[in-house]
Amino acid sequence: MKKQKKQLIILLAVLVLLAAAIPGVRYLNERREEAETAEAEQEGSVIIDAAYEDVVKLSYDYEGVNYSFEKSDDVWHSVEEDSRNIKEYSIKSMLSGVAPLTALQVIEDVTDLSQYGLDDPERTISFETASASYILYVGDHNALTGTYYVSMPSENRVYVVEQTVVTRFNQTLEDVAETAEADEGQAESGEESESQGSDES
């Protein structure tokens, strides 16, 4: 009898401990979920899941001028002036903001795009991969938050993005093209290498 009472007391003690632990476990789970949510919000939402390496065409507007580029055999060229060599790091820098594209906030069910300067956007950024094409309309700049509003065709969503996503494209053809001096320097470097090779032989 005493043994049964002892077992019952132990069982009741275990149940009490478990009951006391449940709120603590629940609290920890809630804190973990909140942390995961906050982390997801901080990271933003990936709107365009594309990689720079896959992009083969790029076009954008800047100061009323449209600039277009194409990649052939891993080399970028200007569509307007095919003879101009384009600095790959310049193209990569621009595309790094949109391929992939991450939005800080997604505004759903937008009925009036004019609120965000997207009813008649002044700038357009477009690019293509081998399997997909993307068009981004650029709206107003929010100076208070340092962000831009952008949208995509046939969508009633507005995306809030870092201002660098747009300002990366504030470059003219002259900004992204190799200079004549650089081309000559590369040519001279090649000639010197050939000369050194001849001397050694």
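P100 is found in the loop between α2 and β5, the strand of residues 101–103. The model described here is a predicted one. A cis peptide bond joins A99 to this proline, P100, with omega at about 5°. Most peptide bonds are trans, and most residues other than glycine have a negative phi.

**Backbone with positive phi**

Two residues with positive phi are described next. E63 has a phi near 55°, a positive value in a residue other than glycine. The residue E63 is found in the loop between β2 and β3. With a relative accessible area of 65%, E63 is exposed. D74 is not a glycine either, yet its phi is positive at about 65°. The position of D74 is in the loop between β3 and β4. D74 is exposed, because its relative accessible area of 63% lies over the 50% limit for that class.

**Salt bridges**

A search of the whole structure finds 5 salt bridges.

| Pair | N to O distance |
|---|---|
| K57 and E70 | 4.0 Å |
| R84 and E174 | 3.3 Å |
| E108 and R157 | 3.0 Å |

The side chains of K57 and E70 meet in a salt bridge. This pair links distant parts of the chain, with K57 in strand β2 (residues 55–62) and E70 in strand β3 (residues 65–72), 13 residues apart. K57 is partly exposed at a relative accessible area of 35%, and E70 is partly exposed at 36%.

R84 forms a salt bridge with E174. The two residues belong to distant parts of the chain, 90 residues apart: R84 lies in the loop between β4 (75–78) and α2 (88–95), and E174 lies in helix α4 (residues 173–176). R84 counts as buried because its relative accessibility of 19% falls under the 20% limit. E174, by contrast, counts as exposed at 53% relative accessibility.

E108 forms a salt bridge with R157. E108 lies in the loop between β6 and β7, and R157 in the loop between β9 (147–151) and β10 (158–162), so the pair ties together parts that are 49 residues apart in sequence. E108 is partly exposed, with a relative accessible area of 44%, and R157 counts as partly exposed at 31%.

**Negative surface patch**

The residues D112, D119, D120, E122 and D140 form a negative surface patch. One of them, E122, has its place in the loop between β6 (105–107) and β7 (123–129). E122 counts as exposed at 76% relative accessibility.

I125 lies in strand β7. This isoleucine, I125, is buried, with a relative accessible area of 2%. Leaving aside its neighbours within four places in sequence, I125 is in contact with S59, Y60, Y134, I135, L136, V138 and F169. The C-alpha atoms of I125 and L95 are separated by 9.9 Å, and the two residues are 30 residues apart along the chain.

Key: Residues are numbered from 1 along each chain as its sequence is written. This is a predicted model: local features need pLDDT of at least 70, side-chain atom pairs count only at pLDDT 80 or more; totals for chains, interfaces and linings use all residues. Side-chain values use heavy atoms; hydrogens and water are left out. Patches are made of residues with over 30% relative accessible area and no salt bridge: like charges are joined within 9 Å, nonpolar side chains (Val, Leu, Ile, Met, Phe, Trp, Tyr) within 5 Å. Accessible areas come from the Shrake-Rupley method with a 1.4 Å probe; for residues, only the protein chains shown count as cover. Lys and Arg count as positive and Asp and Glu as negative; His and the chain ends are not counted. The place of a charge is taken as NZ of Lys, CZ of Arg, CG of Asp or CD of Glu. Helices (H or I, at least four residues) and strands (E, at least two) are DSSP runs, numbered from the N terminus. Buried means under 20% relative accessible area, exposed over 50%, partly exposed in between (1.4 Å probe, protein chains only). Contact means heavy atoms within 4.5 Å.
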